[in-house]
Amino acid sequence: MILKRISILNYKNLEQVELNFSGKMNCFIGQNGMGKTNLLDAIYYLSFCKSATNPIDSQNIKHDQNFFVLQGNYENEQGDAEEVYCGLKRRQKKQFKRNKKEYGRLSDHIGFIPLVMVSPADSDLISGGSEERRRFMDVVISQYDKEYLNALIRYNKALTQRNTLLKAEEEPDEELIGVWEEMMAVSGELVFRKRSEFLQEFIPVFQSFYEEISQGRELVDLSYESHAQQGNLFQLIKDSRSRDRIMGYSLKGIHKDDLVMKLAEYPIKREGSQGQNKTYLIALKLAQFDFLRRTGSHTTPLLLLDDIFDKLDASRVEQIVKLVSGDKFGQIFITDTNRDYLDKIMRKIEGEYKVFSVEQGTVYERKDSINEEE
């Protein structure tokens, strides 16, 4: 999938932006706080129906405005045009349309425009709680497997209902809470199975990317932990009910799943340097890209790289540049404050590229070569 053109009105600090993109490489140069990340976030929104940085839709509207509009014009692998539109007014439901036809459910759009974003916020995958790592799995698998996404939605609905009953002052109705527990178990088993299958294929690819970026200097590992590995999930949830009642929430289930991230044999959270952590995260995301490219609709995802070179030594930067310049990667959007890194990428890119400057929410295409001095 290629994003040919984007139109943005009142999204964060971007008041009015209309850009035509290169089918391969698009570089955005500007100081921090100018709007580079907001531009990538608008592209992300058109894929996932939400912001990567702020889940509260109304807070993504420019401060002095009452609405935002995003519109992307794409070209699919067959050369057909696709238009995606999103509009949101304050205190109203957002509209999401494909080729002028509104979606009945936003989840039906997920996976249509596969996308992988690498950003400084990814550090939460290592330093944050298990919720961040589950979200990583969910974002990947949901883009190519509707059955997984629907099971996850059912599971979360059942979990919410069960937790409401657990918090109630009166003892929950045995039959009613049993219905929600059964839904959690049935949906949860499917989610667990698909996460396991995904990781079995994903982990070797991730390790290969890490080895290539680090040039074999370190060994890394990734493993999966789930209550579903302990036995029958329905029985585990049911047996935990009395304790859950005391706590007021569900202690057992796939909503507690986690990924164990290791450098050599030790947790990377504790042992990794800033450069090693950054390498680990970039390898995870490049493996995510590779996985999405080979699954589902076999559509090459968009790749968004937001300020990824900070904290990396020159050799690792060079290896990443080699990787993303290769044939496996399609359309790329990259931001940086430093033109030197972008110069290196441009020298390795065959074919067209575009360079944009971002200043105080205004974006314009540069007509000069990125290799010329400013």
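Reader: How many helices and strands does the protein have?

Author: The model is predicted. Its secondary structure includes helix H5, residues 174-214, and helix H7, residues 241-247. In total, the protein has 11 helices and 15 strands.

Reader: What is the radius of gyration of the protein, and what does the globule rule give for 374 residues?

Author: The C-alpha trace spans about 70 × 50 × 40 Å along its principal axes. The protein is as compact as a globular protein of its length, because the globule rule gives 21 Å for 374 residues and the radius of gyration is close to that, at 22 Å.

Reader: What share of the contacts with a separation of 6 or more is between residues 24 or more positions apart?

Author: Contacts here are heavy atoms within 4.5 Å. Among the contacts in the protein with a separation of 6 or more, residues 24 or more positions apart account for 72%.

Reader: Is lysine 94, which meets aspartate 57 in a salt bridge, buried or exposed?

Author: The two side chains meet at 2.9 Å, N to O. Aspartate 57 lies in the loop between helix H1 and strand S4, and lysine 94 in the loop between strand S5 and strand S6, 37 residues apart. Aspartate 57 has 19% relative accessibility and counts as buried. The cut-off for buried is under 20%, and lysine 94 has a relative accessible area of 13%, so lysine 94 is buried.

Reader: What separates arginine 193 and glutamate 197 along helix H5?

Author: Their side chains meet in a salt bridge of 3.6 Å, N to O. Arginine 193 is partly exposed at 38% relative accessible area, and glutamate 197 is partly exposed at 44%. Because the two are four residues apart in helix H5, the separation is about one helical turn.

Reader: Which residues are linked with Arg241 in a network of salt bridges?

Author: Arginine 241 and glutamate 181 meet in a salt bridge of 2.7 Å, N to O. The network of salt bridges links Arg241 with Arg162, Glu174, Glu181 and Asp244.

Reader: How far apart are the mean positions of the positive and negative charges?

Author: Side chains of opposite charge can pair when their charged atoms come close. In this protein the count comes to 27 salt bridges. There are 53 positive and 59 negative charges, and their mean positions are apart by 3 Å.

Note on methods: Residues are numbered from 1 along each chain as its sequence is written. This is a predicted model: local features need pLDDT of at least 70, side-chain atom pairs count only at pLDDT 80 or more; totals for chains, interfaces and linings use all residues. Side-chain values use heavy atoms; hydrogens and water are left out. The radius of gyration is taken over C-alpha atoms; the globule rule is 2.2 Å times the number of residues to the power 0.38. Lys and Arg count as positive and Asp and Glu as negative; His and the chain ends are not counted. The place of a charge is taken as NZ of Lys, CZ of Arg, CG of Asp or CD of Glu. A salt bridge is a side-chain nitrogen of Lys or Arg within 4 Å of a carboxyl oxygen of Asp or Glu. Buried means under 20% relative accessible area, exposed over 50%, partly exposed in between (1.4 Å probe, protein chains only).
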